[in-house]
Amino acid sequence: MITYLVTGANRGIGLEYCRQLKERGERVIAVCRSASDELKNLGISVETDIDITSDESVADLVTRLDGQPIDVLINNAGIVERVSLERLDMNSIRRQFEVNALGPLRLTQALLTNLKQGSKVIMMTSRMGSIEDNTSGGSYGYRMSKVALSMAGKSLSVDLKSQGIAVGILHPGLVKTRMTGFTDSGITPEQAVKGLLARIDELNLENTGTFWHSNGEILPW
């Protein structure tokens with residue numbers, strides 16, 4: 001049985017990760033600030049009151065885990081706040097950097113002793129963090145923080161390779177969740193996570209550091 005730790009697990013893609021992994025028979029540790037009823041009813045291990053932007057909170061999670069090995073760390077927690085050039089909100093940009101970029105790096109570093117040779121680290125980024133693919137502008141805080149997250153993932157893929165730990169940088173696609181306003185043009189969380197798990201399953205030290213769409217397409221930086 002493989003142990004997965006999923007952040008941002010209370011709803012959306014994180015909740016769906018937990019649901020599908022549970023159905024596969026995997027051991028799941030769900031991490032969130034507060035647990036939804038849907039998450040509580042899955043019958044998996046849930047660690048609440050965890051804020052990935054806080055050193056103290058992350059240290060508390062490490063203590064709770066008490067050294068238990070983690071095979072796959074899925075850094076899924078994230079936020080999106082619309083910031084345009086006309087309404088440039090620096091506090092919002094900083095907040096998105098803290099959650100989307102610094103939080104996953106903080107958590108990964110804190111859990112290095114729980115990872116081992118053969119473990120995998122997943123950074124849930126976004127195609128909106130692709131510089132080459134940006135043709136619509138705007139969304140300054142979200143785009144910039146996701147670029148930073150992808151760079152963190154790429155550096156981790158280099159630094160952790162000698163330890164036998166692979167890193168995947170994944171875009172779920174446009175998904176119908178609260179974060180996207182349940183857009184009609186998106187795919188369902190079920191579809192997204194099915195593809196994401198396929199990418200995680202095929203992640204290894206040969207393709208570590210790859211920026212993937214959940215459908216298997218390699219995305220431009």
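**Sheet, helix packing and local features of the predicted model**

Leucine 65 counts as buried, at 3% relative accessibility (buried means under 20% relative accessible area, exposed over 50% and partly exposed in between, with a 1.4 Å probe and protein chains only). The model is predicted, so that local features need pLDDT of at least 70 and side-chain atom pairs count only at pLDDT 80 or more, whereas totals for chains, interfaces and linings use all residues. Residues are numbered from 1 along each chain as its sequence is written, and side-chain values use heavy atoms, with hydrogens and water left out.

Leucine 65 belongs to helix H3 (residues 55-65); helices (H or I, at least four residues) and strands (E, at least two) are DSSP runs, numbered from the N terminus. When neighbours within four places in sequence are set aside, leucine 65 is in contact with Leu5, Ile29, Ile70, Leu111 and Asn114, contact meaning heavy atoms within 4.5 Å. Between leucine 65 and threonine 113, the C-alpha to C-alpha distance is 11 Å, and the two are 48 residues apart in sequence.

An open sheet is formed by seven strands in the order S3-S2-S1-S4-S5-S6-S7, with parallel pairing; two strands pair if DSSP finds at least two bridges between them. Strand S3 (45-47) and strand S7 (211-213) are the edge strands, each pairing on one side only. From one strand to the next, the twist averages 20°. Strand S1 (residues 3-7) is joined to strand S4 (residues 72-75) in the parallel sense over three bridges, and tyrosine 4 has valine 72 as its bridge partner in S4. Helix H4 lies across S1, S4 and strand S5 (120-124), and runs at about 160° to S4. Axes are lines fitted to C-alpha atoms, for helices over the stretch in contact, and angles run from 0 to 180 degrees between N-to-C directions.

Two helix pairs were examined. Helix H4 (residues 90-110) packs with helix H5 (residues 140-159) at an angle of about 15°, the axes being 7 Å apart. H4 and H5 are therefore roughly parallel to each other (angles under 35 degrees count as roughly parallel, over 145 as roughly antiparallel, 65 to 115 as roughly perpendicular and the rest as oblique). The crossing of H4 and H5 is right-handed; a crossing is right-handed if the near helix is turned clockwise from the far one by less than a right angle, and left-handed if anticlockwise. Residues in this contact include Ile93, Phe97 and Leu105 of H4 and Tyr140, Met144 and Leu149 of H5. By class, the contact of H4 with H5 comprises eleven nonpolar, five polar and one charged residues (Ala, Val, Leu, Ile, Met, Phe, Trp, Tyr, Cys and Pro count as nonpolar, Asp, Glu, Lys and Arg as charged, and the others, Gly among them, as polar).

The axes of helix H1 (residues 12-23) and helix H6 (residues 189-202) cross at roughly 65° and come within 9 Å, which makes H1 roughly perpendicular to H6. Their crossing is right-handed. Among the residues that make the contact are Ile13, Tyr17 and Leu21 of H1, together with Val193, Leu197 and Ile200 of H6. Eight nonpolar, one polar and three charged residues take part in the contact of H1 with H6.

Positive phi values occur in two loops. Aspartate 49, in the loop between S3 and H3, has a positive phi of about 60° although it is not a glycine; aspartate 49 is exposed, with a relative accessible area of 60%. Serine 139, in the loop between S5 and H5, has a positive phi near 50°, and serine 139 is buried at a relative accessible area of 15%.
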